[in-house]
Amino acid sequence: MQWQAERVQQLDPANTERAMRAMFGLGRYLEQSGLEESLLGLVQTRASQINGCANCLDMHIKDARARGESEQRLYLLAAWRECPFYSARERAALAWTEAVTLVADGKVPDAVYDEVRQFFSDDELLALTMAVATINAVNRFNVALRTVPVAYQPNDPAIEQLRAALAS
């Protein structure tokens with residue numbers, strides 16, 4: 001898998017592997033969390049829109065399309081409040097995503113917490129919060145190091161091989 005970042009060119013491969021193992025570990029937790037893959041995709045895409053992470057947007061939108069997500073829902077995600085295309089559970093997750101992503105603007109509002117609690121159990125809220133925290137970490141990594149979208153394709157054998165190697 002090709003990875004390009006403007007601000008780092010001569011990385012120690014062992015250091016890169018340790019960093020990627022940590023990130024993939026978070027991803028494994030989310031895969032096993034029980035949250036719907038489509039919901040996680042919306043959360044990852046929305047946070048990446050807010051954070052301006054082109055690399056993540058490229059990857060998560062391609063993954064969503066490969067899972068069968070509609071073009072309309074992807075195009076209108078930034079305006080989810082004005083569209084009838086998202087379920088109440090998805091809306092609560094998107095509100096939570098925005099509040100946690102923008103936490104520096106103030107605390108997560110009680111009204112957003114009250115809304116998300118209507119649709120998510122304690123364990124699901126923990127997983128949802130972990131999903132938001134994880135994508136925000138990945139976004140900050142990519143934005144800070146100025147990673148650029150490359151020829152990513154869903155289900156790429158090279159990526160799956162890398163994931164398997166880092167999971168061991």
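This is a predicted model: local features need pLDDT of at least 70, side-chain atom pairs count only at pLDDT 80 or more; totals for chains, interfaces and linings use all residues.
Helix 2, which spans residues 37-51, comprises 15 residues and extends 21 Å from its first C-alpha to its last, close to the 21 Å expected at 1.5 Å a residue. Because 11 of its 15 residues are buried, helix 2 is largely enclosed by the rest of the structure. The buried positions include a run from Leu-39 through Leu-40, Gly-41, Leu-42, Val-43, Gln-44, Thr-45, Arg-46 and Ala-47 to Ser-48, and Asn-51 is buried as well. These buried residues pack against helix 1 (13-31), helix 3 (54-67), helix 4 (71-75), helix 5 and helix 7 (122-145). Helix 2 is followed by Gly-52, a residue whose phi is positive, near 65°.

Helix 5, one of the elements against which the buried residues of helix 2 pack, has 14 residues and reaches 20 Å between its first and last C-alpha atoms, close to the 20 Å expected at 1.5 Å a residue. Helix 5 is mostly covered, with 13 of its 14 residues buried.

The structure holds 1 aromatic pair. The pair is formed by Trp-96 and Tyr-113, whose rings are tilted, with 6.3 Å from centre to centre and 50° between the planes. This arrangement links distant parts of the chain, since Trp-96 belongs to helix 5 (residues 88-101) and Tyr-113 to helix 6 (residues 110-117), 17 residues apart. The two partners can also be described by their accessibility: Trp-96 has a relative accessibility of 8% and therefore counts as buried, whereas Tyr-113, with a relative accessible area of 36%, is partly exposed. A further interaction with a ring involves Arg-89, the charged end of which sits over the ring of Phe-120, 4.1 Å from its centre.

The loop between helix 5 and helix 6 contains Val-108. The C-alpha atoms of Val-108 and Ala-95, which are 13 residues apart along the chain, are separated by 9.9 Å.

Note on methods
Residues are numbered from 1 along each chain as its sequence is written. Side-chain values use heavy atoms; hydrogens and water are left out. Rings of Phe, Tyr and Trp (its six-membered ring) pair if their centres lie within 6.5 Å; planes under 30 degrees apart count as stacked, over 60 as edge-to-face and the rest as tilted. Helices (H or I, at least four residues) and strands (E, at least two) are DSSP runs, numbered from the N terminus. Buried means under 20% relative accessible area, exposed over 50%, partly exposed in between (1.4 Å probe, protein chains only). A charge sits over a ring if NZ of Lys or CZ of Arg is within 6 Å of the ring centre and within 35 degrees of the ring normal. The expected span of a helix is 1.5 Å times one less than its number of residues. Contact means heavy atoms within 4.5 Å.
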